[in-house]
Number of protein chains: 2
Amino acid sequence: MAQPEAAQSAPPENINVHKAFAEEKADWTGYVEWEEYPEKKALASKILKASKFTPIPEFQFVPLPDTNPVLIGHRWKEYHEVLGLKGIVDASWETVQREKPDLIHLLDFPYNGETTRQQLMEGRLTDNKYHFVRNHGGVPNIKEDVYEIEVGGLVNKPVKISMQDLKNPEKFPQAERRIEQIHEYPGDGDELINAPWGEGAIGTAVYRGVPLKKVLKIACGGVLPDCEHLEFIGADTYFKKNHVFNYAVSVPLRKVRANQGTEVLLAWEMNGEPLPKMHGYPLRLVVAGYIGARSCKWVYKINALKEPSMGPVQRQEYLYYTPQIGKQNALYSNGFSIQNMPVSSAIIFPLDKQTIVHDGKITMSGWAYSGGGNWVQRVEVSNDGGSVWYAVDEENMTTKHYHAWRLWKYELAVDAEGWLELCVRTWDSSNNTEPTFVRSAWNWDLHVTSSAHRIKIYSINTTRPASAKRLKELEEHGQAIDTRSLSYPAEFSLEPEEEYLQKYRKYPREPAN
Amino acid sequence: MAQPEAAQSAPPENINVHKAFAEEKADWTGYVEWEEYPEKKALASKILKASKFTPIPEFQFVPLPDTNPVLIGHRWKEYHEVLGLKGIVDASWETVQREKPDLIHLLDFPYNGETTRQQLMEGRLTDNKYHFVRNHGGVPNIKEDVYEIEVGGLVNKPVKISMQDLKNPEKFPQAERRIEQIHEYPGDGDELINAPWGEGAIGTAVYRGVPLKKVLKIACGGVLPDCEHLEFIGADTYFKKNHVFNYAVSVPLRKVRANQGTEVLLAWEMNGEPLPKMHGYPLRLVVAGYIGARSCKWVYKINALKEPSMGPVQRQEYLYYTPQIGKQNALYSNGFSIQNMPVSSAIIFPLDKQTIVHDGKITMSGWAYSGGGNWVQRVEVSNDGGSVWYAVDEENMTTKHYHAWRLWKYELAVDAEGWLELCVRTWDSSNNTEPTFVRSAWNWDLHVTSSAHRIKIYSINTTRPASAKRLKELEEHGQAIDTRSLSYPAEFSLEPEEEYLQKYRKYPREPAN
């Protein structure tokens, strides 16, 4: 891959960026308030427009680097640097190294990291250390004892609540919720514009916190009649087309009220431990069944609104386009917004492009999930690219939970040899399943895992006499058993001369007359 | 790609390889006789077995180098070097540079080179300078005035014929034949073991020479009743699994006799000029409708045989395997031999992965061919990966000839935008056509062009208002119009804020109730 050109960026000489874009509050390190100060946003825009940044690298037609981290977030680092916020970049990477040393680092900044396959299949709950991370900006570093959250907008009584009050069970009733976080990952390789997500962008954790519904009711005396959406603002800084924002997203009031309020929690605990910084310490939203982007981290403000949030993440990203709008005609108004996650599943083992020596059975395992309050009913796998489908037995799947994955395992009958396509699809409690082919569900900008996941494997079936014989020969000649040893000309003779001539004469190549 | 390890090869100390494997005749530079001397072959084998050669590089899972030549034939050079035949390697490359400077050099030794797309579509006959080359060994350098050909085996009278006599029209009647040469090329990228052939491995030339049938009759008094095959031996040296050979192939007597003998010529002229050295000067076979490998170059011996040639190229290569024998169980006896070429076609323009801005029509062009005495009847193209097929008009195809290609051109209606698959297929005079998908016709070791050729293009249709508008915007912002500019986030705003909000409110993302 060509090295990106070096950026040539510097703030205008007469502006002290460190002063202009200083942190808002003591002990709220890494938090700059933007939304309250239009003139500050305008100044940042001016500086960004006047600066030059490293071009976006080419991902579509070149192989990904095999480095760790896979990709380097030159541009986002430079956005921060030009505004005097380099400290956020450095502190974020330190947090990655402390809290998430063993993830697959897809992008160093904003940090995007994925769970390894082995860890993913370890248990029904993902250990905090191994849970994947999708950040949209730097990681703030805020002390819990000074933290407070502001709730305003279309509510009867705007309030500020300290963490201490929020965590007091005598003030607010607490709840726990097992929640799947799942990130979209690209399906076809030709439209990859962010981090190269794979099948490890999923994880399950139990969160503890207070239902947002209860906070609105108890602390604010309820919402006003016009309120239809709740907006969440996070302490991280977000950039879009030379403008700067605090991270902002929203969910409908309907979702906040669903299931006695247990779908939308203000959470401070993850699997019985304090939230890691990477996951939003001291406080985050967790929104069950929705795309992870709505579960705002480091949330310090909630606004009750008539309309969905005007933040770019809510309005201009995480949209589903139809193929014939596609890339070239995408507008923010012609994609629909992803809130609920569709039914999704993935094969974790075997690996794509793996050579498998087997005796007629190949063990597959993976995960299955559905959003929107649906649960996984059935998982099916195919050994022929999606014509014949076998159902996974219930005893080989983990227990059903609302809003959580099921892990599955299957011994697939495979007779055929050579390159085969293995697939998985899942049926959920609303009888949805995934389209069979990537192209059937292709949509630009994002690809949630909404088509049947498929891998190519090279099958060698030892129950076939010819393969058993060949494997023995390879072994005798000290050759590895892999697609390479099988597809390059053998150094040794494949069949004795006499055997060959006997067959050659018995079934001659030319007709008799 | 990892650098291959350096070879550690040297002939045994007590053997003077230059003497042991000296050239057979004066002024026959580069020709070593192997087939007459079993003890010489055995000695060469011994040396080859005792030597270590550069490992075969990995082609299957890594991208091809973008060097010129694309691949370097380390092993074949070393085979020659260890036998004291480095002179052949050097002389061959000099000949390439003199005769074929403008081919795409796929492999430097043995030389494999392909015609560029532009040259390929220049005319109905391919200029000698641009005709593709598939060699299996080095290029001998033999003076015509000392050259002679020996005809023996199951004939009434074994003879030697000088070039002077062969070219004397009073001794042998001459004939011309327009002949397609076509080389197999790999279809799916995962089994590439030789040169990375593409769609330019085809060419048409008119050859002049003497029908082999006439030589057998006039010079040898005919063949004996047991003769069923004619074997051709070439002056180039061929290696296989530590054994050394002269290049040897055969065709059935039936083929030699077909069509008054005009299908199999001993040729010295190509498109009205003496044969280039790369193409077999001073004398070669040309076998119409067969795979090019049978058209033996630098032929100095013809043997009339009961059975097909026992040479490895005839017996052990150019075989068709069935997928479930595939790589791991391939034996020489379980593939069938490729003689006649199947119906084949290719798209030459547009290029694979090209971005095409068009007004509802995309111009496609390419070639179509069929072997075995069949000719091209109809060419069809598809704009949807192979469901709907449009026939090319006769006026947009070149004239039919026996054993020659037809070039074609078509204005394809394309409404859809984004990544599309365009395909071509051909119907021949026996009503054969190509299978639609590569995998339908997959066979290991070789892939002749026997499935519908398909390319992916990125379509931008300017008759669609949204695309016309976007192209104008890209132009105004000085951005190139390609898949990159269309698939990366635009630096400029995609739609005015008010327009967006108007649509957003007219068609809200959430249901009314």
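So, which residues account for 72% of the contacts in chain A with a separation of 6 or more? Residues 24 or more positions apart do. Keep that in mind while I walk you through this one, and please remember that what you see is a predicted model.

Let me start with chain A as a whole. Its secondary structure comes to 12 helices and 25 strands. If you draw a box around the C-alpha atoms along the principal axes, you get roughly 95 × 55 × 45 Å. Chain A has 513 residues, and 57% of them count as buried.

Now bring in chain B. To superpose chain B on chain A, you rotate by 180° with 0.0 Å of shift along the axis, and the RMSD comes out at 0.0 Å. The two copies are thus related as by a two-fold rotation axis. Which C-alpha of chain B is nearest the axis? That is the one of Pro63(B), 4.1 Å from the axis. And the interface: 100% of the interface residues of chain B are also interface residues in chain A, so the copies meet through the same surface.

On to the aromatics. Over all chains, the structure holds 35 aromatic pairs. One of them is Phe21(A) with Trp34(A), a tilted pair at 5.5 Å centre to centre, with 45° between the planes. Where do these two sit? Phe21(A) is in the loop between α1 (17-20) and β1 (28-29), while Trp34(A) is in the loop between β1 and α2 (38-50), so the pair ties together parts of chain A that are 13 residues apart in sequence. Phe21(A) counts as buried because its relative accessibility is 2%, and Trp34(A) counts as buried too, at 0%.

Another pair, this time in chain B, is Trp93(B) with Tyr111(B). This one is also tilted, at 6.4 Å centre to centre and 55° between the planes. Trp93(B) lies in helix α4 (residues 86-99) and Tyr111(B) in the loop between β2 (104-107) and β3 (112-114), so here the pair ties together parts 18 residues apart in sequence. Buried or exposed? Tyr111(B) is buried, with a relative accessible area of 2%, whereas Trp93(B) is partly exposed at 27%.

Back in chain A, have a look at a cluster of rings. Ring pairs link Phe53(A), Trp76(A), Tyr79(A), Tyr238(A), Phe239(A) and Tyr247(A).

Last stop: Arg124(B). You'll find Arg124(B) in the loop between α5 (117-120) and β4 (133-134) of chain B. Its relative accessibility is 47%, so Arg124(B) counts as partly exposed. What does Arg124(B) touch, leaving aside its neighbours within four places in sequence? The contacts are Arg178(B), Thr204(B), Thr398(B), Thr399(B), Trp405(B) and Leu407(B). For another distance from this residue, take Pro225(B): Arg124(B) and Pro225(B) are 101 residues apart in sequence, and their C-alpha atoms are 41 Å apart in space.

Note on methods: Residues numbered from 1 in each chain as written. Chains lettered and ligands numbered in written order. Predicted model: local features only at pLDDT ≥ 70, side-chain atom pairs only at ≥ 80, totals over all residues. Heavy atoms only, no water. Helix = DSSP H or I, 4+ residues; strand = E, 2+ residues; numbered from the N terminus. Buried < 20%, exposed > 50% of the residue type's maximum accessible area, 1.4 Å probe, protein only. Contact = heavy atoms within 4.5 Å. Least-squares fit on C-alpha atoms with pLDDT ≥ 70 in both. Phe/Tyr/Trp six-rings, centres within 6.5 Å; stacked < 30°, edge-to-face > 60°.
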